[in-house]
Each structure stands twice: as C-alpha cells, then as structure tokens.
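We'll stop at a few loops, then some ring pairs, then a pair of helices.

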Amino acid sequence: MVDISKLKSHPSKTLLTHVNGVIGGTKALTDLKMAELAAIFHDLGKMNFGFQIKVYPNIEADLGIKVTDGDRKYSHHAYLSAYAFLCYYLKNGAELKDFFGKHISQNELLALIIIIAKHHGNLPNFLSVDINDEKEQVLNKDEANRLFEYLEQSEIPFNEFPKKFNLPYRPYSTLLKERKAKNYFSNICLDTKSHTNHLQFYQETQFSFASLIQSDKKDAGYINTEDAENIEKFCSQYHSSFIDYLQTLEPYQDKPLNRLRTKIRKEVTVNISKFLREGDNRIFDLTAPTGSGKTLSLLSLADEIINHKGDFRIMYCLPFLSITEQVEKEVLKIFKEQENLVQRIDSKSINKEIQRLQAELDDKPSEAKYKELGIKQFQENTFEYPFIITTFVRFFEAFLKNRNADLLKLPSFSNCIFLIDEIQALPPRLYGFFVAYLDAFCKRFNSYAVVSTATMPDFELPTNEIKAFFPNYQQPPKLLPKEYFNDDLFNRYTIEHQNEEIRISDLAKKLIAENQSVLCIVNTIDDSKDLFEVLDKYLQSDEICLLNTHFTPNDRKRKIEFAKLRLKHHKRIILISTQLIEAGVDIDFPVLYRDMAIIPSIVQSAGRCNRNGKLDRGKVVLFNLYNQGTTRSKLIYRGKDSKLLYYTKRILKNSSYQEKELFIEQKDYFKNLRTDLIFGEHEQGKETLNFIQLIKEAMFARLGKFKLIDDDYYGEAYRIYVPKDENDDSFDRLQQKVNELEDFQSRDWNIIGKLKGDIQTLLKEMSGQIVQVRLKRNDVKPNFQSEEVRGLVLLNIKDYNEVRGINLTSKNQII
C-alpha cells in the first residue's frame, strides 16, 4: 500500500499539502461548490508514478515503489485527474448531494470534468464543432486514448484520496478500465435538452475555472499578494483622502459651473445611498452632461458604496488609453498617500515596483528579489490592487475570454466596484448586453457597477426572449434627474446642421473665415491629412495643428497641450483631428466643426465646444464631407452600421439645435436602436458572434475570440516603433532581450520570468513612440527597418515627422 501523504505535487511540496492550499485559496475567492470540488480533484492524476518520478527522483527507494516502463511512458496528470474524478462520481455521485448542496446535473458534471482536465489549458467549446469537415470533440481524443492505454497496464492508489477530504467514499478504481466510463469521457458533451439557466451556468463555470487556476498558481509558486489586507487598508483611508481633496477645491466654488458640478456630485451620492438602503440594485446609471464632473461623481459614488456595503476593490474602466492616463493623474492627486495601492494597467502603463526590482536584479541578483519580482508580476496579471484603472478592452473582453492567461484576473472582478465611464463608446449592439451581463455578474459575485455617459443609452431589454435569458435583470436606476440637461449652464452651444455635401477646399475656406480658434473633427485619417494640406497653404505654422493616430502618443500629447496653450493665451489655433479627441479630452474651443456622425459621437464632440461655459454660446457646425469620391460618413458607418447613420439623419431634421434640445433626440435615437438592432451580436471578420446563443451552447472557445476592435473590419494592426532620434537604441535593446530569452537553455524560471518582465517593461517604456496603423488586405505594407519583434517593427526615422506624422500611402485610415 502506497502512503499517499508522501506523494508530491512539486519537488518541494507534497500532493496533499498542495491540494489543501489550492482548496483554501479557491474558497477564499468564491463560495462555488463547483470550484471547491474541482480544486480537490484537480491534481489527483499526479498520483501517477510516471509523474511522481519527475518530481520525486528517489521515490522508488524512499517509498518502496516499483516504477514500470509503462509508468514512465505517461507522466501527464490533468486528463487523468478528470477521468479519475468521473469514475469517482459514477460510484459516489448520489452521496455528493450533501457536499454540493444539490444533485449534480449532467452538465455540471461536464463542467467539472472539463475544468479539471483543462486547468493547465483553456476552456473549450462544450459542444463538438466541425473543423475542416472533421468533428472536434470537447476533449482531445488522442490524449484520452493515450490515457486509457496507460491505465490498462498500471495501478494507481486513487481509492484512498477522497477519504483525506471527508468526501463520501465507495471504491471506484475498478471503473478506470471499464468501457462505459471510457466512452462517457471520450464523448462528453453539453446536454442541450436539459440545459437551463444558461447565463448562470456559463458565469459559474468560467468563474470556477478562473478561481482554480489562480489558486493553483499561487500555491505552486508560494505567492501571497496580501490582496485582502491591501483592500482593507485602502478602503479604511478612502473617505478621508477623498474629503481632504474636495476641500482643496473649495476656493473654486465661486464659479457657477463648479457650484453646479458640486451640486450634481452631492445629489447622485444621496440618491445612490437611498438605493443601497432600500433596494437590491447592483448596477446604476449616471447619465450627466459633458463637463459635469463625472470623475469626482464616480469616485464619490464608490465612497458611498464602501460606506454602506463594506470593503471593495475599485476598478475604473475607460475606452481610450489617453483617458486612462488622465484619470490616473486625477486619482493619484486624491490618493497620494496610497500611491502604491493604485495601479493603472494597460498597454502603456509602467509598474514602478516591477521596474525597481528589475533594476535591482540587474545590479545584484538574489533569490529573494527574484521571488518578489514574480509576486509583483503575478499581482499585475491578476489585477490584485485595491484601485485599478484600465481600458474597455481589458475589462469587457475579460468577461468572455476562455484563455488561461486572460482568466487569471477574473476572480478579482468579484467583490469589486466597477466605475465605467463613456459606456456609449462600446459598439451599439453591445452596451445593452454588457450592462445586463454585468448586472447578473454583480449579483452572483457581490460586486457593484456605475455606468456613466453624457449620452443616453437605453438599457431596457428589447424582447421577451432576451428578458428570459437575463431573468433577474433590473434596469439600472438613474442617479441624476434629466432636468439637469435643461439647465442653462449646460446649454453651452448651438449646432448648425448643414445637410449639403461640402468638399475639402470649401471646408478649409469656412474654417479660415471663422477668424478664431476652431476644432475640426473629421471621420478618417486621410480626411484630416487632406484638410491639413489645404489649410497649411494659408495659415502660419503655429496657427494649425494636425492630430490623428499616425502620430506617436507622445506627439499627440504635445499637440493637445500646444493647442491648450494657444487657447489659454487667446491665440488662434485650428486643430484638425479625427474622433480620437471626442471623448475624455479636456479641451475647450469656441467653435467646433464636426463631419456627419452618429448622435453619441456628435454629442461627445460638441462637448469640446464652450465646455466650461466661458462664452454665452459656442458654435458647432455639423457638415457633410465629400472627399475622394464618397461621402465620408458612409465610409465608416457601413454595412450593418449604416442603420446608425440612418437613424441619426432621420432624427436630426432641423437646421439648428441648442445643446439642451438634443436630450429628446438622443432618447429617440437609442430607443430606435433598442428595437431594431440585433442585441448582443458582434461582427468579427467573416464570423458573426451571437453572444446569447454562444452562451446558451457554452461555446467558450468561440466566444473567447471576441475582440472589441476587429482587425478584418478596421484593417490588420501594425505596431510601428518611431525612434525619438538617431541615437534611440530602444528597439535594438528589445531585440537583444528577446534573443537572450529565446537562446536561454536553462529551466531557471526566476531568470526566465525576469527576462520576460524586462521585455514587457521595455515595451511599455517604448509605448509613447509606438504608432498603430491598420492596413487592409489590399493595402501596400510599408517597408520597415527590421523584422517583427514581439509584434513591433522599426520605422525609418526619415518616414516620420512631428507635423504630418507617419508617411503612409494607405487611404481611408480611420481614427
């Protein structure tokens, strides 16, 4: 008889110690019994002597075990763990009711088997799919057959294992070789006929998997991020830090607009307090005019939720990188004493602690420093900070991902307050879906959300079928009365709607004739460049500025600051921009021109005109640009999105509007979208992802392909590094680090982790000089100075300048 207490999961840890550690970690993350049961059985297959000889080289001498040649041929454990659990269930399933809280359904059994089998991989589709005229099974048949072949010639002491965890027990090892069990395992598949509670099943399966893999990695790596302690510490100081900051704003309360912003913040805080006391709402709607101080209102709402409901992580989510940087600065002003507990996480953010540890390891390597670095890297990957600032891409995609690496952070989304600003930046078919999805997630995993916007999306579910899919959905209560949109202080501009088409040359004449500073927003990069070239012939170089994503982020930031400086000193500036400036950029022009777009974009753009109410009335001109043989608005709102433009034109019939008059038009626009657009559908390349149908079928892998930005629609993305000057060697250092990692032969994970971290940090340091360009299949790929390195190519410095940006011949670039 083998003493299983001496078997190992890792060279320095016994199997039972590891399993108990993972169980404890999983239970700390969730109360789901599915997750706990998966944690108990996830490494059962490591009792396989072929695996043991890898982590326990002296096992034969120490335990008197004879490892056969057959054992040595099979050292895998994940599928063996899952299959052994299935056999255990077939003998003991009825008795598990007390542990599980109810009878385990066929589909819950399926989920448990897959979670265990795939805990080192990704969640698959739960239905078999046709690929190249062949059926792809839920579990890999070749791997299953190798497992069955091994079991025919080996005996493993599985029977003793459940006793260690006080589980019901009847011997089950004999089932391992039975055809019935093998057939069940090989052909396991979702039972669609008995499948109900689709959304709950999807979310609980995904969350159980995420909790298991995070706990497994933490216990295996001896990782303690002190997450709960940090959240408690941050929340205990949140209110006082916030109040102290608000007191520094008191001297500015003499301005009417600032007084109104304060009034709004206080009113929404009182209103959410009432909902928290009297209702069971988990998600709230903050719809407020542009420039009404939504950032401070959102932070005040988080403070009130903490006051009523206890300690929570806070996650501030924004659509664009430029806004995450802006919000980070504001947040760090408020929580300057807790700076180490606030972390921005996006493709450009730098983690100062990771950067410090990398520098120390370069200077003087030590085991302790390697350990600390690994913990900090894990902490960032799992979003284990009390206050996170991140992008829509990282936030919304996380709810639908199936990949192991992506799901590591999902447990951090429980016990969390989500502050989601500019929700209208999501594709129109998706914001209603994600609000309903979030509502269900928050109710199940003890979180809260505030969705904020200056426009007025309709969050009512459109059909009875969709209402049945979200059975417990509550439409988010509004925290701010609509009357604020009628306040004269938020009636800051008049829109002149010009229906007739206009060409670039005539548009340029109109801008010049304004004889004052103008922000002109067009729909494509190509239009911005064409307009700039015409204006450049008539204006001084400091009177005109071009802004689009063909400039580096560093240069874009400098251009916006330059425009602000000109405006501050009342010097003329004509800023030609794409829609990258229309949300979250705090800039205030007296006159704004906007090419025809959908209503939310028009409202967001107009929010850059007389933003702070310094003028009696700002001027917004809505024009209809014709360039390069086409109406430009039709170029970006095409295909199914043409409906969005159709509704906008149908609603905006008048030639003139005041800002407050757009309230009704926005309501009508979103009402039309709710009734006419396909809810929760997303075009991705040649594939249409119907989120609700895919969730019903538990198609994790298909839904995991979801990307907010579709490469096929907008063009394949090329990330191009633009050197700062001729002495910039950043790209060469990146290439050197990558080569060093690829050539590294040892399995020293400390050094490997350090090298990977060095590369990640260097990429983030370089991010201010990275231009992302989207080229379609028929576009000519530019000539670069290098081969691709970690998705990055090097541009010849001669092909870029600060005035016109990157030199590309591709037409119709968007944004």
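Asparagine 446 sits in the loop that links α20 (428-445) to β10. Keep in mind that you're looking at a predicted model. The backbone here does something worth a glance: phi of asparagine 446 is near 55 degrees, a positive value in a residue that isn't glycine.

You'll find glutamine 628 in the loop between β16 (618-627) and β17 (630-631). With 37% relative accessibility, glutamine 628 is partly exposed.

Now go to the other end of β10. Proline 462 is in the loop between β10 (448-453) and α21, and at 26% relative accessibility this proline is partly exposed. Which residues does proline 462 touch, once you skip those up to four places away in sequence? They are Arg674 and Phe679. Glycine 432 is 30 residues from proline 462 along the chain, and their C-alpha atoms are separated by 9.3 Å.

On to the rings. Searching the whole structure turns up 52 aromatic pairs. Take phenylalanine 395 and phenylalanine 399: their ring centres are 5.1 Å apart and their planes stand at 90 degrees, and since anything over 60 counts as edge-to-face, that's what this pair is. Both phenylalanine 395 and phenylalanine 399 are buried.

Phenylalanine 485 and phenylalanine 663 make another pair, with centres 5.4 Å apart and planes at 50 degrees, so this one is tilted. Phenylalanine 485 belongs to the loop between α21 (464-469) and β11 (493-502), while phenylalanine 663 is in helix α28 (residues 662-676), so the pair ties together parts 178 residues apart in sequence. Phenylalanine 485 and phenylalanine 663 are buried too.

Last stop: two helices. Helix α9 (residues 141-151) packs with helix α10 (residues 179-186) at an angle of about 160 degrees, and their axes are 10 Å apart. Angles over 145 degrees count as roughly antiparallel, and α9 and α10 are therefore roughly antiparallel to each other. Their crossing is right-handed. What meets what? From α9 come Lys141, Ala144, Leu147 and Phe148, and from α10 come Lys182, Phe185 and Ser186. The residues in this contact split into four nonpolar, one polar and two charged.

Methods. Residues numbered from 1 in each chain as written. Predicted model: local features only at pLDDT ≥ 70, side-chain atom pairs only at ≥ 80, totals over all residues. Heavy atoms only, no water. Axes fitted to C-alpha atoms, helices over the stretch in contact; angles between N-to-C directions. Helix = DSSP H or I, 4+ residues; strand = E, 2+ residues; numbered from the N terminus. Parallel < 35°, antiparallel > 145°, perpendicular 65-115°, else oblique. Left-handed = near helix turned anticlockwise from the far one by under 90°. Contact = heavy atoms within 4.5 Å. Nonpolar A, V, L, I, M, F, W, Y, C, P; charged D, E, K, R; others polar. Phe/Tyr/Trp six-rings, centres within 6.5 Å; stacked < 30°, edge-to-face > 60°. Buried < 20%, exposed > 50% of the residue type's maximum accessible area, 1.4 Å probe, protein only.
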